[in-house]
Amino acid sequence: MDFTPTEEQAAARDLAARIFGDLSTHERLTAAGTGSDAELWKALCEAGLPAAVEDIGLLGLVLLLEEQGRTTAQVPFAASCVYGLLAVSAHGSAEQRERLLPAIGDGTVVVTGALPEAAVRVGGSGELSGVVPVVPWLRDATHVLVADEEHGLWLVRTVDARCEPVELTAPWSAGRLTLDATPGERLGEPLSERLSGSDADVVGQDAYDDVLATARTAFAGLQAGVCAGSVARAVDYTNTREQFGRPLATKQGVQLRAADAYMDTEAIRVTAYEAAWRRDEGLDYATHALTAAWWASEAGHRVVHAGQHLHGGMGADLDHPVHRHFLWGRQLDAYLGCGSEVLQELGALIVDGEGDA
């Protein structure tokens, strides 16, 4: 295993760090409220970062999402890259890739995902019906990726569906998705049409499993960035805040709490790197993605709580920047499965003998 970024990955990461650092400031986040930052999204797309993910792979995306998480930047970057660019490039037909990938790359098409929510029903003519109570970034999206009862993947245009705003713990521009005989486009449909029914179901299941595992890996990378930002703020605060004439950072209890948070953050990061690297190398990575998701949930929960606690009374201030890391960390803690859920899924995968080598 070699997680050393390539020149292209490192260049993309450094560019993302500059853009997020310049535009995702405390003042701009405050002004944005719970909505997304359209100017920041435009800057990222003009810099070619979403489009670059097709070349730098999932590991490259994880590196970019770390930079987003450090600043809790309110843009649909993770969703559109995972459920849009990577899903279409891996499982879309040639026509879908040619039509959709350039638009996703330049930001004119924004995709989010309704996974792993309850499956939608498919009518005889391919129309979709069902309700997904919460879809992150639905208010920003032009398309949403949904799964049917056989885990086949469908792209639905949001203008064809009913989308109602929903507020989450984190400001993810979420919405409630209602499909009522809504037209949908099967992802990779031409390939499935050339297969028998049972073989088509296998293809659909494989695509669903891959997209979900990719999402869990990517959002673990985002959680690593959120936690790193929380720890950095706590270190800065405890080095400058004095108590009885000494910085808080000189106290052993503070040092131990910060050290534990740092090690938890590194565990999230390295497990996300490993899962992403294995996918990019074409290796099995199902158990590795679940491992990364478990660390992102369990350790992420601990880290963002520690960040608030190390700020003392300031950590309870809803207007303090560290509180955003707490909100994002708690949202990511449960997104795509909380720790106990993914641990149960990981155990079942290992028992069934389907785990990675």
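Reader: Which residues line the largest cavity?

Author: Arg216, Phe219, Ala220, Gln223, Ala293, Ala296, Ser297, Leu332, Asp333, Tyr335, Leu336 and Gly337. Before we go on: this is a predicted model, where local features need pLDDT of at least 70, side-chain atom pairs count only at pLDDT 80 or more, and totals for chains, interfaces and linings use all residues. Residues are numbered from 1 along each chain as its sequence is written, and side-chain values use heavy atoms, with hydrogens and water left out.

Reader: What counts as a cavity, and what as a pocket?

Author: Both come from a 1 Å grid over the protein atoms alone. A cavity is a set of points where a 1.4 Å probe fits but cannot get out. A pocket is an open set with protein on both sides within 12 Å along at least five of seven lines. Lining residues have an atom within 4 Å of a point.

Reader: Which elements give two or more residues to the lining of the largest cavity?

Author: Helix H8 (197-240), helix H10 (286-310) and H11. H8 gives the most, with four residues. Helices (H or I, at least four residues) and strands (E, at least two) are DSSP runs, numbered from the N terminus.

Reader: And what is the volume of the largest cavity?

Author: About 90 Å³. A volume here is the space filled by probe spheres set on the points, with grid points joined across faces, edges and corners.

Reader: How does its lining split by class?

Author: The lining of the largest cavity has seven nonpolar, three polar and two charged residues. Ala, Val, Leu, Ile, Met, Phe, Trp, Tyr, Cys and Pro count as nonpolar, Asp, Glu, Lys and Arg as charged, and the others, Gly among them, as polar.

Reader: How many cavities of 30 Å³ or more does the search find?

Author: Two, over the whole structure. The second largest cavity has a volume of about 30 Å³. Its lining is Ser230, Val231, Ala234, Ala258, Ala261, Val303, Gly307 and Leu310. H8, helix H9 (252-280) and H10 each give two or more residues to that lining. The classes are six nonpolar, two polar and no charged.

Reader: Now the strands. What is the order in the open sheet of four?

Author: E1-E4-E5-E8, with mixed pairing. Strand E1 (111-113) and strand E8 (185-186) each have a single partner strand, so one side of each is left without a neighbour in the sheet. Two strands pair if DSSP finds at least two bridges between them.

Reader: What packs on that sheet?

Author: Helix H5 (residues 77-91), touching E1, E4 and E5. Contact means heavy atoms within 4.5 Å. The direction of H5 makes about 100° with that of E1. Axes are lines fitted to C-alpha atoms, for helices over the stretch in contact, and angles run from 0 to 180 degrees between N-to-C directions.

Reader: E4 and E5: parallel or antiparallel?

Author: Antiparallel, with five bridges joining E4 (residues 143-147) to E5 (residues 153-157). Leu145 stands opposite Leu155 in E5.

Reader: How many bridges join E3 to E7?

Author: Six, and E3 and E7 run antiparallel. Gly130 stands opposite Leu179 in E7. E6 and E7 also pair in the antiparallel sense, over four bridges. Pro165 has Gly175 in E7 as its bridge partner.

Reader: What about phi at Trp137?

Author: Positive, about 60°, although Trp137 is not a glycine. Most residues other than glycine have a negative phi. Trp137 is in the loop between strand E3 (127-135) and E4.

Reader: Is Trp137 buried or exposed?

Author: Buried, at a relative accessible area of 2%. Buried means under 20% relative accessible area, exposed over 50%, partly exposed in between (1.4 Å probe, protein chains only).

Reader: And what is phi at Ser173?

Author: Near 45°, again positive in a residue other than glycine. Ser173 is in the loop between strand E6 (162-165) and strand E7 (175-183). Ser173 counts as buried, at 3% relative accessibility.
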